[in-house]
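Here is a short note to read with the model open. Take the points in order.

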Amino acid sequence: MPHFFIKSENVKNGIAKVCDEENYKHIAKSLRARGGEKLLLIDENQIQYETIIEQITSKEISAKIEKSYKSERNLDFELYLAQSPLRSDDQSELIEKSTELGVKAVYPVLSDNCALNKSVVEKKISKWQKIMYEASKQCERAIVPTCEEAVAKFDDLILNNTKFDKIIAFCERRTKVTLREYCEKSPFKKDEKILVIIGPEGGFSDREFRLFEEKSIPMLTLGELILKADTAATVALGNIIYEYSNYCKN
C-alpha cells in the first residue's frame, strides 16, 4: 500500500486521522481498506507513521500509531531538473520517473527547439504536479517535489543563478567528458543544490551551446548511444545518484 500525506494537526494521542476527501476516497473506496489493516502515513514534517486502521466512518479514517520516525526517503543533496517539455505521454513519464529518482523540483524550460509552445505547457503544469503527488505516494517520498511554472529560456536559470551550487548539462555529440570524469575533479557534496539540464527532442541550439560555454556550464556525455530526451533525463539522474552514493559522498 502506498503511503498518504496528512497534516500533523491530525495526529493526536497516538491516533492519526485521514480527513481530506481525496485520500479518504482512495483508501476507503478504491483500495477498500478495512479495520485492522496497516496504513502508512506521513506529515509535512517528514514524520512517517506506521499505523493500524481502527475505524472508518463516512467522512474520516482513524488509525492507531504503532511506530513513528523521521523519513529517510530523501537524497543527501538537492537535485533539480531543467528540461524542455516533450510531446504526448513522454513528458508525463519523465515527470513520474524524476519524482521516483528524488528530484526536488522540475523546471519546464521553453528552449529554442522546444516541441510545445508556452500556452500548452502552462496548461499542463497542474497535471504534471498531480503526477508528482501520486508518484510520491507510490514510492514513499518524504516530500512532494514541485513542478515549477514554465521558464522562458535556459538563460533565465543560468544567467542570474543564486540558487544552485552546480549546474551541468548533458549533451549529445558536443562532448566526450563523462559524468565520472567530472566527478573526479568536482565531486558532488552533501547538501549541495545541483541543477541538471536536459535538452529537447531536437537537441540544444547553437545559441544554447554558446551560452553553456560562456557561462562555463560543464557539458557531459551519457555515452556513445543517442538517447531520447525522456530516457536521457532518467539515465542522467540515476547516474548522478550512483556517482554520489559510491564515489562522491563526503
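Predicted model: local features only at pLDDT ≥ 70, side-chain atom pairs only at ≥ 80, totals over all residues.

1. Residues are numbered from 1 along each chain as its sequence is written, and side-chain values use heavy atoms, without hydrogens or water.

2. Start with the overall build. The protein chain has seven helices and twelve strands (DSSP runs: H or I of at least four residues for helices, E of at least two for strands, numbered from the N terminus). Its C-alpha trace spans about 60 × 45 × 35 Å along the principal axes.

3. Of the 250 residues in the protein chain, 46% count as buried. Buried means under 20% relative accessible area, with a 1.4 Å probe and protein chains only.

4. Look at contacts next (heavy atoms within 4.5 Å). Among those joining residues at least 6 apart in sequence, 71% link residues at least 24 apart.

5. Now find Thr221. Thr221 sits in the loop between strand 12 (219-220) and helix 7 (229-248). Is Thr221 buried or exposed? Thr221 is buried, with a relative accessible area of 13%.

6. What does Thr221 touch? Beyond its neighbours within four places in sequence, Thr221 is in contact with Phe170, Cys171, Thr175, Lys176, Val177, Thr178 and Leu179. The side chain of Thr221 also reaches the backbone nitrogen of Gly223 at 3.0 Å.

Terms used. Buried < 20%, exposed > 50% of the residue type's maximum accessible area, 1.4 Å probe, protein only. Polar contact = N/O pair within 3.5 Å; in protein donor to acceptor, adjacent residues only side chain to side chain.
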